[in-house]
Amino acid sequence: MTDGLHVLSDGDALPALPPGPIAALDASAWALTRPEWHAVVLDGGALVGRVSAWVSDPPSVAGAPAAHAGRIGHAAWRDARVGERLIGAAEGWMREHGADLALGPLDGSTWFSYRVITDRAPGGG
């Protein structure tokens, strides 16, 4: 794979990812959480970031009954620049698939031991 952002369509490509400061998503985590969208960033031939997203079966969000909440998870990156690129790509994909709110970190479900929901920024940012 060349340097840059790559979207993976299934977990079969995980073993082929080059090593780097960020570990590739484990195949068992992929099988358990079934990402609808997963992207990685390579730089200098090394894996420097990854993130997954989901839009199906959105959770209801108190105070935002009309919102279609997408979820972001499996997030790990080397630095803020890589993180911004991955989150931006995930948000774009979720928006294209009907989500108008992003929740995270949620690795596909709220059943894991982590979760956070933040209010939208003033002005809708």
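Just after helix H2, Gly 98 takes a positive phi of about 95 degrees. Helices (H or I, at least four residues) and strands (E, at least two) are DSSP runs, numbered from the N terminus. The model is predicted, so local features need pLDDT of at least 70 and side-chain atom pairs count only at pLDDT 80 or more, while totals for chains, interfaces and linings use all residues. Residues are numbered from 1 along each chain as its sequence is written, and side-chain values use heavy atoms, with hydrogens and water left out.

**Helix H2**

H2 has 17 residues and spans 24 Å from its first C-alpha to its last. This is close to the 24 Å expected at 1.5 Å a residue, the expected span being 1.5 Å times one less than the number of residues. Val 82, Gly 83, Leu 86, Ala 90, Trp 93 and Met 94 of H2 are buried. Here buried means under 20% relative accessible area, exposed over 50%, and partly exposed in between (1.4 Å probe, protein chains only). Viewed down the axis of H2, the buried residues fall within an arc of 100 degrees, so they line one face of the helix; the arc is that of the directions from the helix axis to the C-beta atoms. The face turned away from the buried side carries the exposed residues Ala 80, Arg 81, Glu 84, Arg 95 and Glu 96.

The buried residues of H2 pack against strands S1 (4-8), S2, S3 (46-54), S4 and S5 (101-103), where contact means heavy atoms within 4.5 Å.

**Nonpolar cores**

A nonpolar core is a set of buried Ala, Val, Leu, Ile, Met, Phe, Trp, Tyr and Cys residues joined through side-chain atoms within 4.5 Å. The largest has 14 residues, of which Trp 37, Val 51, Ala 53, Leu 86, Ala 90, Trp 93 and Met 94 touch the most other members. S2, S3 and H2 each supply at least two residues of this core, and H2 gives the most, with five residues. Leaving aside residues up to four places away in sequence, the contacts of Val 51 include Trp 37, Ile 72, His 74, Leu 86 and Ala 90. A second, separate core of 10 residues includes Leu 8, Leu 17, Leu 25 and Leu 42.

**Charged and polar pairs**

Side chains of opposite charge can pair when their charged atoms come close. A salt bridge is a side-chain nitrogen of Lys or Arg within 4 Å of a carboxyl oxygen of Asp or Glu, and by this rule the count comes to two.

| Salt bridge | Closest N and O atoms |
|---|---|
| Arg 78 and Asp 43 | 3.1 Å |
| Asp 79 and Arg 78 | 3.0 Å |

Asp 43, Arg 78 and Asp 79 are linked in a network of salt bridges. Arg 78 is partly exposed at 36% relative accessibility, Asp 43 is partly exposed at 34%, and Asp 79 is partly exposed at 27%.

At the start of H2, a side-chain oxygen of Asp 79 reaches to within 3.2 Å of the backbone nitrogen of Arg 81.

Thr 33 lies in helix H1 (residues 27-33) and is buried, with a relative accessible area of 10%. The side chains of Thr 33 and His 74 are joined by a polar contact of 3.1 Å. A polar contact is a pair of N or O atoms within 3.5 Å; within protein, one must be able to donate a hydrogen and the other to accept it, and residues adjacent in sequence count only if both atoms are side-chain atoms.
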